[in-house]
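Please look at the sequence and the model shown here. The report after it goes through a few features, one at a time.

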Amino acid sequence: MSSSSTPGLSRFNTADDGTAEAALHEVCASRAWGSKILAQRPYADTDALYAASDAAMAELTAADLAEAMAGHPPIGRPKPGDPTSSREQSGMAGASDDLKAEMLELNLAYQEKFGHVFLICASGRTGEQMRDAVRNRIDNTPEQEREIVRVELGKINRIRLTRLAELAEGDAA
């Protein structure tokens, strides 16, 4: 990650509010998070953007976190036609049918207990690592899990912001 200004960051800084807001919504579904990031434009460099994202994430309420989580599909079931969730969950793409079935079962048990999808920064993780993580986290309290989710969302947002800041005009998201 570079601390310099990039073509994508320059474009984000100068975009009209509606375009910038739509780009931020692709990063994180929380309107509160997006509003905070939007309000602080322009960003001198990516480090300033990451710092703003981290600060906004720290301030999200439980309802804001729920809104952010609603934008994420369950692990192993990326949104059809969504290259971002497919790319991020690529560790499940080659998983065995048994592992996929186990993840479905664990996802449902987690969702029943916590009322939201199991959320993890899946980029670079194997299907087995994601399965082990949900197994380890399912015994957490709702309060513990909310703070873990906050951290995981922060990691996901940084990855997505990096992509936003680095994409040249015309590149595929």
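## Basis of the report

This is a predicted model, in which local features need pLDDT of at least 70 and side-chain atom pairs count only at pLDDT 80 or more, while totals for chains, interfaces and linings use all residues. Residues are numbered from 1 along each chain as its sequence is written, and side-chain values use heavy atoms, with hydrogens and water left out.

## Aromatic rings

Rings of Phe, Tyr and Trp (its six-membered ring) pair if their centres lie within 6.5 Å; planes under 30 degrees apart count as stacked, over 60 as edge-to-face and the rest as tilted. By this rule there are three aromatic pairs. One of them is tilted and joins tyrosine 110 to phenylalanine 114, at 4.6 Å centre to centre with 45° between the planes. Another, between tyrosine 110 and phenylalanine 118, is edge-to-face, at 5.2 Å and 80°. Ring pairs link Tyr110, Phe114 and Phe118 into a cluster.

Tyrosine 110 and phenylalanine 114 lie four residues apart in helix α7 (residues 97-114), about one turn of the helix. Helices (H or I, at least four residues) and strands (E, at least two) are DSSP runs, numbered from the N terminus. Buried means under 20% relative accessible area, exposed over 50%, and partly exposed in between (1.4 Å probe, protein chains only). Tyrosine 110 is buried at 0%, and phenylalanine 118 is buried at 1%. Phenylalanine 114 is buried too.

## A charge over a ring

The charged end of arginine 41 sits over the ring of phenylalanine 12, 5.5 Å from its centre. The rule asks for NZ of Lys or CZ of Arg within 6 Å of the ring centre and within 35 degrees of the ring normal.

## Helix α1

In helix α1 (residues 7-14), the buried residues are Gly8, Leu9, Phe12 and Asn13. Seen down the axis of α1, these residues fall within an arc of 135°, so they line one face of the helix. The arc is that of the directions from the helix axis to the C-beta atoms. Pro7 and Thr14 are exposed, on the face of α1 turned away from its buried side.

## The lining of the cavity

The largest cavity is lined by 15 residues, with His72, Glu88, Gln89, Ile120 and Ile156 nearest its centre. On a 1 Å grid over the protein atoms alone, a cavity is a set of points where a 1.4 Å probe fits but cannot get out, and lining residues have an atom within 4 Å of a point. Helix α9 gives the most to this lining, with three residues.

Conventions
On a 1 Å grid over the protein atoms alone, a cavity is a set of points where a 1.4 Å probe fits but cannot get out, and a pocket is an open set with protein on both sides within 12 Å along at least five of seven lines; lining residues have an atom within 4 Å of a point.
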